[in-house]
Amino acid sequence: MKEKVILHCDLNNFYASVECLYNPQIREFPVAVCGSPEERRGIVLAKNQLAKKFGVTTGEPIWQSLQKCPKLILVRPNFELYLRFSGEAREIFSRYTSLVEAFGIDECWLDITAICKNERDGERFAYEIKDLIKEEMGVTASVGVSFNKIFAKLGSDMKKPDAVTVITREGFQKQLWGLPVNELLYVGRSTNKKLQRAGIYTIGDLAQATPTFLKTQLGKWGETLWCFANGLDESPVHRVEYEQTIKGVGNSMTLPRDLHNEEDVKTTMLVLAESVARRLRNHGLKGKTIQIYVRDNKLSGCERQGMLEKTTNSSYEIATKAMELFHDTWDWHLPVRAVGVRVTGICPDDEYVQISFLDDEGQRQKREKLESAIDRIRDRFGHYSIQRAVLIKDKDLSANPVEENVIHPVSYFR
Amino acid sequence: MRKVFVDVTAKFTKDGCLEPIAFMWENGKKYEIDKILDIKKAASLKAGGHGIRYLCKVRGKEVVIFLDNGKWFVEAL
């Protein structure tokens, strides 16, 4: 059977590259795209190569970046423009294959097996695509070429910016096994710690451990990561638009100040729950599992999840469960600085539901009608035309994540 | 190089293309486009933008005009 040829294309320093293209006067300076320091979203969303040299990192608070680089130019994000670029990149990819799978706004996998006639075609097409992006869009991309998605992504991570890296079946051990294990897809902070405790520091260490041992450390996940490290991932490139993937809907916020009590956390949860609920309703969906994510002011955090008895897209039910999880989890060792709420276990909202005599179904339906009416008022008169009284009390914590942020997380596993 | 947004008179061809015919410059004068030499998708690193790039002949000189998300701009010295 013909070997697959998979590309992973990653637009370099995406938001910052777009801003530098549109503002020639800032190109020679270190630039960071970030939420306003005066408002709540004061973290770095993207930085250019010059800012990177100063040690500015994505996700860090702006004040920290300015300490490293006092002359850092801060630019507000323009998500509409970034989405336009993302769509144009996908149009370029579609000239080569219909098997294009978005992995976020600035990354895609492409399966170009069908158009490759020989061993060199993969690399040749990768260079073509990279050069088309530069010529037509004015931004650069790194492209990884390999026989599976995992290695293609590792390839695109290896050389930045504006480069092509080929990872072959014969050479992957030499090229990849020396890399730190946390560079492998889905080895996050927590998994990395567990692996290091088990003496696994590189992708090679992981590959050469036994699947049985990894399963004792990480469960079934351990076996999956072992496959990844050994080039055995066979997952296909799915035809997926960036917007279409919905395994879950979530929102998170970094707050403008530390939160010291449950009342403030409840306000934030309500804001996030309203956004998540609205987006679920917009997509005609409901969910059953509520996940929360909480970080303290040292940026260390935890995640918890719990299931509801019935699927929901009600902000009240989502927020209530989220607060229950928070109350059971947080010991207030440190104040809270970031909160996230996510709903998974998604299904269409018109699915039949078994109702119970024990529940107040009438109350539930009243709440659904109320939230639907609020949606219609906001459609006509704006998000802030109608609000919960508790949110008016604290303008700092009030937000409109539905309209102010349209970048949704995506999952590798579909 | 400057990015100068301009009012453009354009025509829709029967093939579905959009072609500029004339533009109004900063000095208030209307300049007719004698000939379109090249049309392609491109970025303007000099002016700062991207879209459809029209290389045009205007009164004997080459002028580059971009259509960027519905707005026209000229790469100007």
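**Notes on the model**

1. In the hairpin of strand 6 of chain B and strand 7 of chain B, two residues lie between the strands, and B:Arg59 has a positive phi near 50°. Strands (E, at least two residues) and helices (H or I, at least four) are DSSP runs, numbered from the N terminus. Strand 6 and strand 7 (residues 61-68) of chain B pair in the antiparallel sense over seven bridges; two strands pair if DSSP finds at least two bridges between them. B:Val58 has B:Lys61 in strand 7 of chain B as its bridge partner.

2. This is a predicted model, in which local features need pLDDT of at least 70 and side-chain atom pairs count only at pLDDT 80 or more, while totals for chains, interfaces and linings use all residues. Residues are numbered from 1 along each chain as its sequence is written, and chains are lettered from A and ligands numbered from 1 in the order in which they are written.

3. Strand 6 of chain B also pairs with strand 5 of chain B, in the antiparallel sense and over nine bridges. Here B:Lys40 stands opposite B:Arg53 of strand 6. The hairpin of these two strands has four residues between them, and B:Gly48 takes a positive phi near 95°.

4. Which elements of chain B give two or more residues to the side that touches chain A? Eight residues of chain B are in contact with nine of chain A, contact being C-beta atoms, placed from the backbone, within 7 Å. The elements in question are strand 5 (35-44) and strand 6 (49-58) of chain B. Strand 5 of chain B gives the most, with three residues. By class, this side of chain B has three nonpolar, four polar and one charged residues. Ala, Val, Leu, Ile, Met, Phe, Trp, Tyr, Cys and Pro count as nonpolar, Asp, Glu, Lys and Arg as charged, and the others, Gly among them, as polar.

5. Is B:Lys11 buried or exposed? B:Lys11 belongs to strand 2 (residues 7-12) of chain B. B:Lys11 is exposed because 9 other C-beta atoms lie within 10 Å; the cut-offs are 20 or more for buried, 12 or fewer for exposed, and partly exposed in between, with C-beta atoms placed from the backbone. Not counting residues up to four places away in sequence, B:Lys11 touches B:Glu19 and B:Ile21. The C-alpha atoms of B:Lys11 and B:Val58 are separated by 17 Å, and the two residues are 47 residues apart along the chain.

Key: Two residues are in contact if their C-beta atoms, placed from the backbone, lie within 7 Å.
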